[in-house]
Amino acid sequence: MIVVAGEALIDLVPQGPGALANLKPTLGGGPYNTAVALGRLGSPTAFCSRTSYDAFGEALLDGLREAGVDVSAVQRGTEPTTLAAATIAANGSAAYSFYVEGTADRLFTVPNRLPGGARAVSFGTCSLVLEPGASAYEELMRASAAQGLFTTLDPNIRPGLIPDADAYRARFKSWLPSVSLLKVSEEDARWLGGTPREWLAAGPSAVVITLGGDGLTVFTRAGGVHSVPGEKVDVVDTIGAGDTVNAALLHGLSTQDALSSEALAAMGTDSWTRLLRFAARAAAITCSRAGAEPPYASELGRL
């Protein structure tokens, strides 16, 4: 079982250019997208979050169930669902404005236990910024690592939600000893500062950098650097692409029984190349569709 911990929200996706374009509500949130992508790939997955009892919250849970994701660890509340209004640039990249005050996912509390059979826990995005939930997710991250679970982190930086950049960067560094696999976009890496080697020295066994259409690169604690090019595709938008990479990496590691720091250290060039190509292929399919629509296992073939 892979557990994904973090927010679920509604993306308001523009259906045309300009600030006043019609907006289509779609299911979203970085961790939510990762959980759905894992479910579609066939990995046993559970979602650990807090959602609203409103119609959007019900729709979010329905989307998880349709993907085969266990929702027994999802907390509920009467507060409204978080909204993220997207603006799509000419190259398909997305920028967001968030409506987060008084919403249900911010009030997440640390669960007494994770779903049975948990082997890995994935964290990231807004859930690690917005208090008081951010501190609860942080506590869960540290506890999961202390229990020997494989932990992944994708900070997925949203600068507009971070009031104190320096404080967040310091907090990010404090998480690294509890992280097995760190995945960041090239843009996030620049915003965070530091280098993959510095991050590796603080804790993770591997750091994956996504480079948009140029592919992915992994840096390993043993000194390895492995890269693959991006898959060429007509990009509709990039919503959910990084989340799909997260899921593909976790799914691939799980199928290879490599959800441990020791197993990551033992992976060579061939293993990393196959895994990164699989992730690049999955992300390309997501980019070819509007909104966060990760692929099913049948669309990707074997790892």
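In the predicted model, S178 is located in the loop that connects α4 and β11. With a relative accessible area of 10%, S178 is buried, since buried means under 20%. Residues up to four places away in sequence aside, S178 touches M141, R142, A145 and T151.

Two of these partners, M141 and R142, also take part in the contact of helix α3 with helix α4. Helix α3 spans residues 133–146 and helix α4 residues 165–175; the two pack at an angle of about 25°, and their axes are 11 Å apart. Angles under 35 degrees count as roughly parallel, and α3 is therefore roughly parallel to α4. On the α3 side the contact is made by A134, S135, E138, M141 and R142, and on the α4 side by R171, S174 and W175. By class, this contact comprises 3 nonpolar, 2 polar and 3 charged residues.

T210 belongs to strand β12, residues 206–210. Its relative accessibility is 12%, so T210 counts as buried. Apart from neighbours within four places in sequence, T210 is in contact with K183, V184, S185, E186, G215, L216 and V245.

Two or more lining residues of the largest cavity come from each of β9 (120–124), β10 (150–154), β11 (181–185) and α7 (241–255). The lining consists of 6 nonpolar, 3 polar and 2 charged residues.

The largest pocket has a volume of about 1200 Å³. It is lined by 48 residues, of which S185, E187, T238, A241 and G242 are the closest to its centre. Elements giving two or more residues to this lining are β2 (9–14), α1 (30–41), β8 (94–99), β11, α5 (186–192), α7 and α9 (269–287). By class, the lining of the largest pocket divides into 21 nonpolar, 17 polar and 10 charged residues.

For the second largest pocket, the volume is about 440 Å³. Of its 24 lining residues, T26, A290, G291, A292 and E293 are the closest to the centre. Two or more residues are given by each of β2, β3 (23–28), α1 and α2 (55–66), with α1 giving the most, 4 residues. The lining of the second largest pocket contains 13 nonpolar, 6 polar and 5 charged residues.

Note on methods
Residues numbered from 1 in each chain as written. Predicted model: local features only at pLDDT ≥ 70, side-chain atom pairs only at ≥ 80, totals over all residues. Heavy atoms only, no water. Axes fitted to C-alpha atoms, helices over the stretch in contact; angles between N-to-C directions. Parallel < 35°, antiparallel > 145°, perpendicular 65-115°, else oblique. Contact = heavy atoms within 4.5 Å. Nonpolar A, V, L, I, M, F, W, Y, C, P; charged D, E, K, R; others polar. Buried < 20%, exposed > 50% of the residue type's maximum accessible area, 1.4 Å probe, protein only. 1 Å grid on protein atoms, 1.4 Å probe; cavity = no way out; pocket = protein on both sides within 12 Å on 5 of 7 lines; lining within 4 Å. Points joined across faces, edges and corners; volume = space filled by probe spheres on them.
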